Amino acid sequence: MTLPDRARLAVAFDPARLQADLAAVEATTWTDHFVRQNYEGRWDVLPLRHQAGATHPIMQAYTPPDATDFVDAAILDATPYFRSVLAAIPCSLKAVRLMRLTPGSRIKEHEDHDLAADWGQARLHVPITTNPGVTFLLNRVPVAMAPGEAWYLRLSDPHAVTNDGHTDRVHLVIDCAANDWLIEQIAA
């Protein structure tokens, strides 16, 4: 079966509670995204869950292909609603982070070769803050995502993001193993 390149999942979260948890950690030190050639401006990351034993923020910000053991970061203690969001995703969770794209910044078109539910690895996006100037393109077709929605995006396909607005765009980004529940959500 070939799955669609995007799907809004049948779960949703309270935007105000997401934004309250974001406010609780927003002043924490974020790390610039480590693939500098993929963006212009400011795109940074705050790890919430990472590979066990990872101590450097860059190593905490992504899911190594061979990693099997993941742990919650201490910062999750300050974000109880983020914890409940993660608990509502009945998949084996891998790396989880907040990803922020500031006004005037853009993520250049690229592909994340291992991120397709068809191949067992998925990335979910839960928008926390956005604005009308944000454009997320997947296969050069816009994906309009509102705060609180949960989306699967097949990021092994070409994708790009621009923030031409006046406020930050912040997503809760969840890497997970694609299981029967997620496949059913995507195929629905």
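1. Is P90 buried, partly exposed or exposed? With a relative accessible area of 44%, P90 counts as partly exposed. The model discussed here is a predicted one. P90 sits in the loop that runs between α3 and β6. Leaving aside residues up to four places away in sequence, P90 touches N179 and W181. P90 and N179 are 89 residues apart along the chain, and their C-alpha atoms are separated by 8.5 Å.

2. Helix α3, which covers residues 80-87, has buried residues on one side. Y81, F82, V85 and L86 of α3 are buried. These residues are on the same side of α3 because they cover an arc of only 145° around the axis. P80 and A87, on the other side of α3, are exposed. The cover over the buried residues of α3 includes helix α1 and the strands β4 (43-51), β6 (93-101), β8 (121-129) and β13 (169-177).

3. The contact of α1 with α3 can be described in more detail. The axes of helix α1 (residues 15-25) and helix α3 (residues 80-87) come within 8 Å and cross at roughly 125°. The two helices are therefore oblique to each other. From α1, the residues R17, L18, D21 and L22 take part, and they meet P80, Y81, F82 and V85 of α3. Of the residues in this contact of α1 with α3, six are nonpolar, two are charged and none is polar.

4. Salt bridges come next. The whole structure holds 14 of them. One of these joins R42 to D44, with the closest N and O atoms 3.0 Å apart. Its two ends can be compared by accessibility: R42 is partly exposed at 41% relative accessibility, while D44 is buried, with a relative accessible area of 0%.

5. A salt bridge also forms between the side chains of R49 and D72, at 2.7 Å from N to O. R49 belongs to strand β4 and D72 to strand β5 (residues 70-72), so this pair ties together parts that are 23 residues apart in sequence. R49 counts as buried at 15% relative accessibility, and D72 as partly exposed at 35%.

6. D157 and R154 form another salt bridge, in which the closest N and O atoms are 2.8 Å apart. Both partners are listed as buried: D157 has 14% relative accessibility, and R154 has 15%.

7. T31 itself lies in strand β2 (residues 31-32) and counts as buried, at 17% relative accessibility.

8. N139 is not a glycine, yet its phi is positive, near 55°. N139 is found in the loop between β9 (134-138) and β10 (141-142), and at 30% relative accessibility N139 is partly exposed. R140 is not a glycine either, and its phi is positive at about 65°. The loop between β9 and β10 also holds R140, which is exposed, with a relative accessible area of 63%.

Definitions and conventions:
Residues numbered from 1 in each chain as written. Predicted model: local features only at pLDDT ≥ 70, side-chain atom pairs only at ≥ 80, totals over all residues. Heavy atoms only, no water. Axes fitted to C-alpha atoms, helices over the stretch in contact; angles between N-to-C directions. Helix = DSSP H or I, 4+ residues; strand = E, 2+ residues; numbered from the N terminus. Parallel < 35°, antiparallel > 145°, perpendicular 65-115°, else oblique. Contact = heavy atoms within 4.5 Å. Nonpolar A, V, L, I, M, F, W, Y, C, P; charged D, E, K, R; others polar. Buried < 20%, exposed > 50% of the residue type's maximum accessible area, 1.4 Å probe, protein only. Arc of directions from axis to C-beta. Salt bridge = Lys/Arg side-chain N within 4 Å of Asp/Glu carboxyl O.
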